[in-house]
Each structure stands twice: as C-alpha cells, then as structure tokens.
Number of protein chains: 2
Amino acid sequence: MQFYSFWRSLAAFRVRIALNIKGIVPDEMITVDLIKGDQREPAFRAVNPQMRLPALTDGDGPILFQSVAIMEYLEETRPEPPLLPKDPRGRARVRALSAIVTSDSHPLIVPRVRNFFEHELKLDEPTRMKWIRHWVNEGLASLEGHLSRDKETGKFSHGNNVTMADLCLVSQAASARFFEVDTAPYPTVKRIAETCLAIDAFARAHPLKQPGAPQNLGH
Amino acid sequence: MQFYSFWRSLAAFRVRIALNIKGIVPDEMITVDLIKGDQREPAFRAVNPQMRLPALTDGDGPILFQSVAIMEYLEETRPEPPLLPKDPRGRARVRALSAIVTSDSHPLIVPRVRNFFEHELKLDEPTRMKWIRHWVNEGLASLEGHLSRDKETGKFSHGNNVTMADLCLVSQAASARFFEVDTAPYPTVKRIAETCLAIDAFARAHPLKQPGAPQNLGH
C-alpha cells in the first residue's frame, strides 16, 4: 500500500485519520509537494491524471482517489473499527454531514481555486481571503446548524463513536485555523473538533505533524 | 415520502434519476423555487436548515439531504436495481468518478457561488461565465481522463450497467448544456451521457421536463 500525501492537503488529512483509526500502516508514504507543483509532474500524473491528493494504492489494480471514495473503500475492506453506523438512516446522516465539508465547503477553497482567482481573475489577496473565509464560515455554520439541532449528536457528530463525519469536521476545523477563521460562533463543531484532536489517531494525522510541515502557520 | 426538488437543481436531477431507476414514486413532489428564493423561506428552512436541494423524507425521522448521501441511502434501503457494483474496488471507482462531479466541479458553479460573485465580489457577467465554464470544462476533462483510460469503462461509466457515476456524469453534461460548454472534446463523456439520456429513467428526470422549467434555455 502506497499513500500519496502532503501536509497541507485537508483531503489527505481525512484519509490519514481513517488509516490511523483502522490501524493501517501504508508500506510507503509518498510526499507530493502541492506548493512546489509536484502534482503536475509526469511521475504523479501517471498515478492520478486528475493531479490531486490524496491517492492510495492497495495491491494490484488502479489507484484509489477522492477522499470520500477512499474512506468508503477502507470501511468496506477493513470494517473494524467502523467509521459508519449500522443503520441506513444514521449512515445517511453521517454521509450528509461529511458532504457539507467535502462537497459544499472545502471544494471552494482548494489551491487550484485560489490559483485561478489569483492568476486568471487577477483578484487581490484581500478579495481572495474574503472568499475563503466566507466559505469556511459557511461550512462551519452548516455543520453547527445540524449538529446543534439533531438529537443524534453526541460526544461526536453522530452518537458517541467516531464516524467519517468527524474526520471531515476536523478537516474543516483545520481549514478555519489555516485561514484564521474564529470557530467560537460554532460551539458544537469546536467541542467535537477538540474532543477528536485529543485522540492519538487524529493528533498524529494533523497537517502540522507531517513531513515538510512548518513548525507553525506563520501568521 | 416527500421529495423537495426544482427543475434547475443538478443535484436534485441526480436523485430524480435514482428514484426513477429504482421505481420509487414519492408521495409528494414539492417544488422549491431556487430562483425566487423559496429555499430561504421559513417553511423550507424548517425542513433543511442548510436551505439546499435536494431533500427527501422517508417515513418518520429526520430529513435526508445531500445528493450523494441520498443516493447511498436509496441504494442501501432499495438495493434493486443496484447503482453500485458489488466489489469494493469497483465501488471505489464509481464513488470517485461521482465525486469528480459532486465534490470537485459542481460545487463551484452552484447559485450561491454565482450570487457571491455577483453581489459580494461585484464581478461582471463575462468574468462569472469564464469562471463557470472553466470548472465545467475541468470536471468534464477529469471524467474524460479516467473514462478514456480505464479498462473498466464500458457502455456506461463502469461496465455495462448504470451506476451512480452515470447519474453524476449526466448532471455534469447538463451543466455543460446550461452554460454552453462544448462537450465534443470529451467524447467518452458525451457518448455515455447520450446513452443514458436515451433511457426513460434518465429522460423523465431531465431538468427541462420538470414542473416550472422553461421550454428551452433561452440562449
């Protein structure tokens, strides 16, 4: 098993947590430096023509890509401990909470979007930060709206066990930190993120604990 | 079962196809006019605080939301005919192809993003169209890159049976039509979209066949 990762990738962060929780240690961790542009090099393009992280090989067969698809694959092939509840309605809730992050909020702030803003639309830094902070806040508010209302919310996003929703929530909280968005208005999200990050499987997966990461974010 | 839908919503389009394929007829189809802003009215906010389509009720219990979560729920509760293959690796491929649409491309062109461009960033129409067409093309190119390369591609995105990836691919092709993006450079996507739209379950679900839809797109 080879895992293609980069400290700054929040999608790779989600998959690192899943691997840690399930006790899976990839044979090789390959750093693809998204800041230097390693993802556009032929070596990685051959692995994933979409030039995106994360990517995972597992024995023979084509590369696994897209964080949600990888998490679902790990859940199906290494079911313990589970990252989804057993009941279809609970699974739907966990997947929908996850999608708030992976389909609504995070896609709007990824590097390729920030680059398009800078180089194609020629938007200045304050405009780019306004955009990013708006969607980070929007994702946090959407999560908070559901989590603070639903009786299914427990110690974690869904009851008292970690689910895929928590992996996504923690990556959203990390994006808030990266872009200096205050999470105080989202107390349920903040509480769950702190509870998760006190767990070793989450803490070890944190962006700032990865090879090549800066000691702090420098702002 | 109550299904909250709108002709223009591409995420609702995906779920309409899934319902049709599985032969599920909701007791009620409720139109939420996203152009008029019905999604922000208290009646719908009580249903889905995230104010987004699609949303589905199924008996008692909380609302189902997020198109991928709804499709996975329908697959788990009404497994025939299946929208995912049986093998984990095939399922991962179908989910990853789906995510190219639902997590990479479509989130960048939804109305709330276009509204933010217009009202918050004060970007003009040509700039907004440049943005939209870039990401529609990007999604089509990503799909084409995988579909044209992978031996798993068949009559449909994954082999010779319809999967969730086709539902997402067809919604991507619809966004190309909405925003006048030529799909000729993406022949595999184009072929599969045409094959799908010849099937009644897809054709009946098409945005322009829904209540309130215009006779044509007017451009």
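How many residues of domain 1 of chain A are in contact with domain 2 of chain A, and how many of domain 2 take part? In this predicted model, 14 residues of domain 1 of chain A meet 17 residues of domain 2 of chain A.

**View 1. The fold of chain A, built from nine helices and four strands.** Read from the N terminus, the elements follow the order β-α-β-α-β-β-α-α-α-α-α-α-α. The C-alpha atoms occupy a box of roughly 45 × 45 × 30 Å along the principal axes.

**View 2. Packing within chain A.** Chain A has a radius of gyration of 17 Å, which agrees with the value near 17 Å for a compact globule of 219 residues. Of these 219 residues, 45% are buried. Among contacts in chain A with a separation of 6 or more, 70% join residues 24 or more positions apart.

**View 3. The two domains of chain A.** Domain 1 covers 2–81 and domain 2 covers 88–207. Their C-alpha centres are 19 Å apart.

**View 4. The domain 1 side of the domain contact in chain A.** Here 14 residues of domain 1 touch 17 residues of domain 2. On the domain 1 side, α1 (10–21) and α3 (67–77) of chain A each contribute at least two residues. The largest share comes from α1(A), with eight residues. By class, this side of domain 1 of chain A holds nine nonpolar, two polar and three charged residues.

**View 5. The contact between chain A and chain B.** Chain B brings 35 residues to this contact, and chain A brings 36 residues. Four elements of chain B each supply at least two residues of the side that touches chain A: β4 (64–65), α3 (67–77), α4 (88–105) and α6 (125–149).

**View 6. Close-up of α4(B) and the chain B side of the contact.** Which element gives the largest share of the side of chain B that touches chain A? It is α4(B), with eleven residues. What is the class make-up of this side of chain B? It divides into 15 nonpolar, eleven polar and nine charged residues.

Note on methods
Residues numbered from 1 in each chain as written. Chains lettered and ligands numbered in written order. Predicted model: local features only at pLDDT ≥ 70, side-chain atom pairs only at ≥ 80, totals over all residues. Contact = placed C-beta atoms within 7 Å. Nonpolar A, V, L, I, M, F, W, Y, C, P; charged D, E, K, R; others polar. Rg over C-alpha atoms; globule rule 2.2 N^0.38 Å. Buried ≥ 20, exposed ≤ 12 C-beta atoms within 10 Å, placed from the backbone. Domains from an automatic or database assignment.
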